[in-house]
Amino acid sequence: MKGVKGIQDFGLWLKGQLLDLKIGSGNFTTLGVIGGTIPLTNYLADYAPFSLGFRCPELHTRLILQYKAQMGLYARVTGAFFLRGNSTIERDYYYTTTGNYTNKVDMPNADHFTATLGWWLFDNTLKVETSYERFNTLGGFDIRRQDAGFPSNNMESTMVQGHIQYFTPVKGLGVLATYGKVLEGRNVGKTTSIAAGITYQFGI
């Protein structure tokens, strides 16, 4: 089980503002997102829970609704749908609820919902937010007692997350940190995740 590493997927998304309304002392904004991912390497998908990803193409669509008050406080809800293609595994037979003599796995589609409350502070240089997330595959099957996880399992999870991002005095440069915890789920590990990153935003 050691030494699983490599490049996962390539993703490209387009985000556009659909609506921007002045309501009271703040702004109501609607955004639409469309994009997708494709596997970049032939990594092993049938290796749960250690696989790098599902090794299947995905088409993503997302709708974002946000209200931001003049004081910097904001609330946001998002809904997303993931349309998935087949995954390829490195064996010619597998069992879900029936036997399958193929290396192609029919992946279930999925949806995702988030509700976020946040605040921009110190002249919009510091963003602090917390969110509630719900993920659900539209189909799939449960992990059997004697099996490991499988790409087309029915996966459901509820997660809470905290996020902080600071934009430095260097124009466009920011740092961020995230803490997340899975509260409950189905065929999903009850995990805690901590992440940190650097962002650079530039105009074209």
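The paragraphs below lead from the overall build of this protein chain to a few of its residues and their partners.

The model shown here is a predicted one. Its protein chain has 13 strands and zero helices, and the C-alpha trace spans about 60 × 35 × 35 Å along its principal axes. If we look at contacts in the chain with a separation of 6 or more, residues 24 or more positions apart account for 54% of them.

Gly72 gives an example of residues that are separated in sequence and meet in space. This glycine lies in the loop between strand E3 (58-68) and strand E4 (73-84), and its C-alpha is 5.3 Å from that of Trp119, although the two residues are 47 apart in sequence. Leaving aside residues up to four places away in sequence, Gly72 touches Gly118, Trp119 and Trp120. Gly72 counts as buried because its relative accessibility is 3%, and the cut-off for that word is under 20%.

Another loop, between strand E2 (26-39) and E3, holds Asp46. With a relative accessibility of 17%, Asp46 also counts as buried, and its side chain makes a polar contact of 2.5 Å with the side chain of Arg91. Residues that Asp46 touches, again without those up to four places away in sequence, include Ile89, Gly149 and Phe150.

Side chains of opposite charge can pair when their charged atoms come close. The protein chain has 19 positive and 15 negative side chains, and the count of salt bridges comes to seven. In one of these, Glu129 pairs with Arg76, and the closest N and O atoms are 3.3 Å apart. This pair links distant parts of the chain, since Glu129 sits in strand E10 (residues 126-137) and Arg76 in strand E4, 53 residues apart. Glu129 counts as buried at 14% relative accessibility, and so does Arg76 at 18%.

A further salt bridge joins Arg134 to Glu156, with 3.6 Å between the closest N and O atoms. Because Arg134 lies in strand E10 and Glu156 in strand E11 (residues 156-167), the pair ties together parts that are 22 residues apart in sequence. Here Arg134 is partly exposed, with a relative accessible area of 29%, whereas Glu156 counts as buried at 18%. Both residues belong to a network of salt bridges that also links Asp142 and Arg186.

Definitions and conventions
Residues numbered from 1 in each chain as written. Predicted model: local features only at pLDDT ≥ 70, side-chain atom pairs only at ≥ 80, totals over all residues. Heavy atoms only, no water. Helix = DSSP H or I, 4+ residues; strand = E, 2+ residues; numbered from the N terminus. Buried < 20%, exposed > 50% of the residue type's maximum accessible area, 1.4 Å probe, protein only. Contact = heavy atoms within 4.5 Å. Polar contact = N/O pair within 3.5 Å; in protein donor to acceptor, adjacent residues only side chain to side chain. Lys, Arg positive; Asp, Glu negative; His and termini not counted. Charge placed at Lys NZ, Arg CZ, Asp CG, Glu CD. Salt bridge = Lys/Arg side-chain N within 4 Å of Asp/Glu carboxyl O.
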